[in-house]
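User: Can you walk me through how this one is put together? I want packing and charge pairs.

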Amino acid sequence: MAFSWLSTLLFLLSALLVENTQIKKNVCWDNCCLFIENFPVRLKELRTAFSQIRDYYEASDELIDTALLDEALLEELHSPFGCHAMKEVLRFYLDLVLPAAVKDKGNDFKHPLDSIGNIFIDLKANLNRCRRYFSCKKTFEIENITNEYRKMEGKGLYKAMGELDLLFNYIEEYLVRKRSH
């Protein structure tokens, strides 16, 4: 059931990307615009790093019915408060999930986890630096996701890591929508 929803989401995101790539490419004159225009390369790096660890986390993720990243988050990302929502989700992964993943798998997954973490750090820094470009307004609260994660105890790590590909799609959709500014 989760896979059909995910497949539908990926199809819609692909259609959105195809539609947006057919639009004339933005001419950027500032670093914030350039960051967004160049982010597809970083997104590819995220997906490549995750592909190296996906099977491990998704195998355990299927045992958990509750989603951490759901359509409510995607709606928040589409709202005027999307920038703050994105920063909060990145903080959740940087402060809770990725350190737990490093502790769980140590050197086995060091390179992909470091790659994902470094790109998330860079994305968060650019969201802060480009606050005006992204029209950052604060209302999104990460507590619901954090509380669910903690309720899952040790399984929350597998759920959060298993949903990274969905987060990458959300990040991509958020930044693609910002290209039209």
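This is a predicted model: local features need pLDDT of at least 70, side-chain atom pairs count only at pLDDT 80 or more; totals for chains, interfaces and linings use all residues.

Analyst: What follows covers helix packing, the nonpolar core and the salt bridges.

User: How do H2 and H10 pack?
Analyst: Helix H2 (residues 31-51) and helix H10 (residues 164-178) pack at about 170°, with axes 10 Å apart. Helices here are DSSP runs (H or I, at least four residues), numbered from the N terminus. Axes are lines fitted to C-alpha atoms over the stretch in contact, and angles run from 0 to 180 degrees between N-to-C directions.

User: So parallel or antiparallel?
Analyst: That angle makes H2 roughly antiparallel to H10, a label used for angles over 145 degrees.

User: Which residues meet there?
Analyst: On the H2 side they include Phe35, Phe39, Leu43 and Phe50, and on the H10 side Leu164, Phe168, Ile171 and Leu175 are among them. Contact means heavy atoms within 4.5 Å.

User: Switching to the core. How many residues are in the largest one?
Analyst: The largest nonpolar core has 56 residues. Such a core is a set of buried Ala, Val, Leu, Ile, Met, Phe, Trp, Tyr and Cys residues joined through side-chain atoms within 4.5 Å. Buried means under 20% relative accessible area, exposed over 50%, and partly exposed in between, with a 1.4 Å probe and protein chains only.

User: Which helix gives the largest share?
Analyst: H5 does, with 11 residues. Met161 is one of the residues with the most contacts inside the core. Not counting residues up to four places away in sequence, Met161 touches Phe50, Ile53, Tyr57, Val97, Leu98, Ala101 and Leu113.

User: And how many salt bridges?
Analyst: Nine, each a side-chain nitrogen of Lys or Arg within 4 Å of a carboxyl oxygen of Asp or Glu.

User: What does Arg42 pair with?
Analyst: Glu45, with the closest N and O atoms 3.1 Å apart. Both lie in H2, three residues apart, about one turn of the helix. Arg42 is partly exposed at 24% relative accessible area, and Glu45 is also partly exposed, at 37%.

User: Is the Glu163 and Lys159 pair buried or exposed?
Analyst: Glu163 is buried at 7% relative accessibility, and Lys159 is buried at 6%. Their side chains meet in a salt bridge at 3.8 Å, N to O.

How values were computed
Residues are numbered from 1 along each chain as its sequence is written. Side-chain values use heavy atoms; hydrogens and water are left out. Helices (H or I, at least four residues) and strands (E, at least two) are DSSP runs, numbered from the N terminus. Angles under 35 degrees count as roughly parallel, over 145 as roughly antiparallel, 65 to 115 as roughly perpendicular and the rest as oblique.
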